[in-house]
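User: I would like to go through the labels on this model one by one. For each, set the value against its definition.

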Amino acid sequence: MSIDNQTSEFTPRQNAVLAEALRLLVEGGDKAVTTAGLARAANCSKESLYKWFGDRDGLLSAMISYQASKVRTFERPGERLTVATLTEHLDVFARDLLEVLAGDVSLALNRLAIGQSSRDGSKLGTLLLERGRRQIDRRARALLDAGQRDGLLRFGDGEDAYRTLYGLIVSDLHVRMLLGEAPQTHKFGARATKAVSAFLALYGTDRVLAGLDGASRSGSPTNNIHHN
């Protein structure tokens, strides 16, 4: 089974331009992301940039949406989830979330937003919430709702369940990385698996718990589906 990256909001050419804009941001800060500079770096016209993204705020919004789209989640209406596929989707989400949060781009965006938070008229923090975090949250909540619909998860408040999942995955890691701690990316796979197992132990129905118990006794992981 493959889980597609959700970058359909932009064309491949626009994705390439946004990736270049994020590279400029990481290397030179927000002042390096100008229309003229991006047009040169991405080998496109300023007219195309305005047509695709509008003004500077529109470009920043698109950059953040593109970055958030790297966190894959479940958005296939009608798919019936099994214990294995729910676990797979959650594991993909957890790994992607950790990798994106630990990346140079996300760290640069968040540090820049924090540095600008006291400035009048600064919109970066708001854009990060609206086009970044909440976009990720919405898609992850859809996965949890689908898990409940298919009898695999049980919770009274989906928002509380999602906050628990996010907290199990991230904990204080993002804060430590923002403060300069080097991310131990080689441990992300184990961290993601542990977080997903803990979440399913808390919110899984009897079908899920039986699967977890069986996997534990056999010494096998709950999901062994390879991603394309």
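**Labels and cut-offs**

Analyst: The side chains of D91 and R95 make a polar contact, at 2.5 Å. This is a predicted model, in which local features need pLDDT of at least 70, side-chain atom pairs count only at pLDDT 80 or more, and totals for chains, interfaces and linings use all residues. Residues are numbered from 1 along each chain as its sequence is written, and side-chain values use heavy atoms, with hydrogens and water left out.

User: What makes the D91 and R95 pair a polar contact?

Analyst: The term needs a pair of N or O atoms within 3.5 Å; within protein, one must be able to donate a hydrogen and the other to accept it, and residues adjacent in sequence count only if both atoms are side-chain atoms. The D91 and R95 side chains are at 2.5 Å.

User: Why is D91 called buried?

Analyst: Its relative accessibility is 5%. Buried means under 20% relative accessible area, exposed over 50%, partly exposed in between (1.4 Å probe, protein chains only). So D91 counts as buried. D91 lies in helix α5, residues 83-102; helices are DSSP runs of H or I, at least four residues, numbered from the N terminus.

User: Is N43 buried or exposed, and how do you know?

Analyst: N43 has 67% relative accessibility, so it counts as exposed. N43 sits in the loop between α2 (35-42) and α3 (46-53). Its phi is near 55 degrees, a positive value in a residue other than glycine.

User: What about S171: buried or exposed?

Analyst: At 51%, S171 counts as exposed. Its loop runs between α8 (158-170) and α9 (173-178).

User: Why is the F199 and Y203 pair called tilted?

Analyst: Rings of Phe, Tyr and Trp (its six-membered ring) pair if their centres lie within 6.5 Å; planes under 30 degrees apart count as stacked, over 60 as edge-to-face and the rest as tilted. The structure holds 5 aromatic pairs. For F199 and Y203, the centres are 5.0 Å apart and the planes 35 degrees apart, hence tilted. Both residues lie in helix α10 (188-203), 4 residues apart, about one turn of the helix. An α-helix has 3.6 residues a turn, so residues three or four places apart point the same way.

User: How do you know that the charge of R133 sits over the ring of Y166?

Analyst: The term asks for NZ of Lys or CZ of Arg within 6 Å of the ring centre and within 35 degrees of the ring normal. The charged end of R133 sits over the Y166 ring, 3.8 Å from its centre.

Conventions:
Helix = DSSP H or I, 4+ residues; strand = E, 2+ residues; numbered from the N terminus.
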